[in-house]
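Subject: The structure we talked about, with some notes

Dear colleague,

I am handing over the structure that you will be reading about, and below it you will find my notes on what turned up in it. Please keep the sequence and the 3D view open while you read.

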Amino acid sequence: MANTWKHDKAVARVEARLDEVKNPVVKEFKRDMSLENIPRDRAYKVDGVHVYADILNIGDILQTNQTEGETCHKRTLRFLNQHYRAVHRILSECDVKRVDFHNQRLHALVFKPYNTEDGAEAKRVHTAVAVAQLMIDVLAETGDTDEKVPAAVLRVGIDTGLSLAVNNGRNGNREPLFLGRPANKAAKRAGGGTSCGIYLTNEARAAIGLKRLDEDKLDSTPLTKSEIAASQEAADLPVDKDYIVEKWREDMKANPIGSFEFTRPTPPLKNLDILKLTPGNSKRMEALSIYGDLDGFTKYVGRNIETKPEDVVKALHVIRSELDSVLQSVMEGRKIRFIGDCIHGLLMEGTAHQTDAEASVTTATLCAAAMHSSFEICIDKLKEAEVDVKGLGLAVGFEYGPMTVTRLGMKGDRVRCSISRGILASEDEQCRCDKDETAIGPSAYKEASRAVRNLFEDDRKATGLRYDEVVDLLAEEDDKTAKATKRAALEKAAPAVVAAMDRPFQPHCKVD
Amino acid sequence: MPDCAAPPTSRLLRELEAVAADFGALIVGRSYSRLTVEVPIQPNSGGRARDRFLIDIDDVGGDLQAREAARDGAGHLPKFCPERHINGDGTFCLFWSEERVVPEDRERALIWFGVLERFLRNQLVAKRFRRWPQGRGRAHGIAAKHQVAAEKLAEAIGGDFAAAWDSGKVRVRHLGNGWQLLRQGQVIARLRDGKRDVATLRRACPFCPPLSNGARLLRNCADHRTPLRDIILEMVAWKKEEEAFNRRLKGVSCCGTLKSCPLGKS
């Protein structure tokens, strides 16, 4: 399939998105406001405690079989489904907002009590710690030996402070998305190691009277048992582990998970209706997972949240809308979700029966290049509109392999989930990129055409990919998909150039 | 300044002028033996061309020479870069002499102009990625003759070997007292210095499928024994001529626009 990115259309889209947020409204979040269904030109400054909980043993579950077949994925999804349900119960009983469950990573927000109360921040942090410990204790018991679903091992990160709540950019979902240091740092603490426990940033530690640690000790110093006990006493949660586990077992009996059934989606993936998915109606296919992340965004939010939060709203809306358009409208992939300032999606070429691996990898490469080209337009237009964009860049990573898409959790409150080894790997690929870099995973590299492999250096990274030149280079080096893309792009505007593509081209150099 | 009102009298330049519009190109100057053309590079992302080259095409006794027409020092291209196929006098080496196309009619003019446009388009690729597209260029100087001969031999051998050749996975290296031919990193044949046959002829032919009674030995393989030796000799000659070409350029400054270049850094 020849999917062509068009420069002028990208400019038009970006200008339209900028117009939608020309006068954003940013307010302090207060008691009488709602964090649900935030309009796209609005943001709330929320003083809250961000909790990120990573299920550490997800990788083990995915690796239990040598081959990553259906059984492996069914077991992984069942594992997550059981634990999502337990977490749902905990958060709703403790009045903590679930922001998102991004595969193995939960993001929750404690925003009560409000700052009108004395010592509100300390109370929020204590509540976060107590809820984190409750999750750890409950999830240690919500496995199922009969179904070979182990208990979950959690590592939790907590930070406190001001963040911006914005629309999460997802149809049919009301939850907000949070930007800023506390969400980012909590996630970093959760992802900062392989040991379980509860890890606080220095801001969170200071809020509850714990001494500061050196930055390099934060990821290796979990809260002690006595520190946790102190928080549990201060928080005085309305429920305990036994209550939650009992209620969870009742849920499981009354609403058994049922079997996971997979079918293959028919490409293009842009037509996949995620809202119709359930455990019994899940999708599984060989495909590309792609992550695009705004490099430098956390610092950018930190710099602007007090003085120019409107710039943050404009920049985020314009950039992520355009990345979404490139992935879905142009490349006909499927966006799974935004995770803060990061977009995650899937791409696939082929038929209803078989994925064309080489073509899929080329499409992902062209998608990455188009994202970088679009990002450049976004920055130019935002600068013209005098929006601060200093320090912002785009990092893209992708990987190939079997992928799953479904929705998990309680009926009526299901959360989309797309998990596999390749998805975890694609996120790792993006994480090793700086701004303006793109990284390709080893499986995608293996399936790639010679031209795509040539594009990436020995470390499987490329810098400065832009759509026009990437199409030309890949087509010149005989990549089939790129050649079809170039033909489709130029057949009307420059048919003589297209005709020349099929003729010999071997320049020489003779002069000494 | 060339007289824009007077049409060129060169037949070859008239043929090129007639097809220029097919490529969106604009004639901005003409004289007896020169056309100056603005060549747009139509982007794959559509819209108006964002890059345009100003090119002088000179007819030198029936030999067409194209170069960037530098105006006030501004230009896209380095003055000399063998890796980007720009000769020492700034002319573009669009074809190896034995594969040259002469635009004597419309069809060949379209081919010639198509090569020029593609050459300029690839200059933009080289600028961004700091390398020339792989497999799109003849070896330098008279090494090209040996390269073409080796290509023909690879094509005649066919099969997996030809596929490996097309992927750039066939090479030679000197080790000990002779040369080795490698396919995808594996040694498949050896030719000792000064010898006329590959060593050893008692080995299995690397290109023939196994027979029911075992592998066909090279000494019995009429199809491949000689081509195998010849391809090594051509590849060795190719390598040596390129090294000689690079030695002749010693002391010449590298333009610094590509990641890797035999001229090295200036």
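Predicted model: local features only at pLDDT ≥ 70, side-chain atom pairs only at ≥ 80, totals over all residues.

In soluble globular proteins, nonpolar side chains tend to be buried together. Here the largest nonpolar core has 70 residues, and the members that touch the most other members are A:Leu179, A:Phe297, A:Ile319, A:Met371 and A:Phe398. The element that gives the most to this core is helix H11 of chain A, covering residues 357-384, which contributes 14 residues.

**Aromatic rings and charges over them**

A pair of aromatic rings is described by the distance of the centres and the angle of the planes. Over all chains, a search of the whole structure finds 13 aromatic pairs. One of them is formed by B:Trp165 and B:Trp238, and this pair is tilted, with 6.2 Å from centre to centre and 50° between the planes. These two residues are 73 residues apart in the chain, with B:Trp165 in helix H4 (residues 159-166) and B:Trp238 in helix H5 (residues 225-248) of chain B, and the pair therefore links distant parts of the chain. Is B:Trp165 buried or exposed? With a relative accessible area of 14%, B:Trp165 counts as buried, because the cut-off for buried is under 20%.

In chain A, ring pairs join A:Phe29, A:Tyr44, A:Phe111 and A:Tyr114 into a cluster. Two charged side chains also sit over rings: the charged end of A:Arg155 lies over the ring of A:Tyr199, 3.7 Å from its centre, and the charged end of A:Arg320 lies over the ring of A:Phe338, 5.0 Å from its centre.

**Sheets and hairpins in chain B**

Strands of a sheet pair through backbone hydrogen bonds, either parallel or antiparallel. Chain B has an open sheet of four strands in the order E1-E2-E3-E4, and the pairing is antiparallel. Its edge strands, E1 (26-30) and E4 (63-68) of chain B, each pair on one side only, and neighbouring strands of the sheet are turned by 25° against each other on average, direction ignored. Within this sheet, strand E2 (residues 34-41) of chain B is joined to strand E3 (residues 51-60) of chain B by eight bridges, and B:Val39 stands opposite B:Phe53 in E3(B). Helix H2 (residues 106-129) of chain B packs on the sheet, where it touches E2, E3 and E4 of chain B, and its direction makes about 55° with that of E2(B).

Further along chain B, strand E5 (residues 170-175) and E6(B) pair in the antiparallel sense over six bridges, with B:Val172 opposite B:Leu181 in E6(B). Two residues lie between these strands in their hairpin, where B:Gly176 takes a positive phi near 65°. E6(B) also pairs in the antiparallel sense with strand E7 (residues 186-192) of chain B, over six bridges, and in that hairpin, which has two residues between the strands, B:Gln184 takes a positive phi near 50°. Strand E6 (residues 178-183) of chain B is largely enclosed by the rest of the structure, because six of its six residues are buried.

Most residues other than glycine have a negative phi, and most peptide bonds are trans. Another cis peptide bond joins A:Lys112 and A:Pro113, with omega about 5°.

A:Asp436 has a positive phi near 65° and is partly exposed, at a relative accessible area of 23%. A:Arg460, which is not a glycine either, has a positive phi of about 60° and counts as partly exposed at 21% relative accessibility.

With best wishes

Conventions: Residues numbered from 1 in each chain as written. Chains lettered and ligands numbered in written order. Heavy atoms only, no water. Core = buried A, V, L, I, M, F, W, Y, C linked by side-chain atoms within 4.5 Å. Buried < 20%, exposed > 50% of the residue type's maximum accessible area, 1.4 Å probe, protein only. Phe/Tyr/Trp six-rings, centres within 6.5 Å; stacked < 30°, edge-to-face > 60°. Lys NZ or Arg CZ within 6 Å of the ring centre and 35° of its normal. Pairing = 2+ DSSP bridges. Axes fitted to C-alpha atoms, helices over the stretch in contact; angles between N-to-C directions. Contact = heavy atoms within 4.5 Å.
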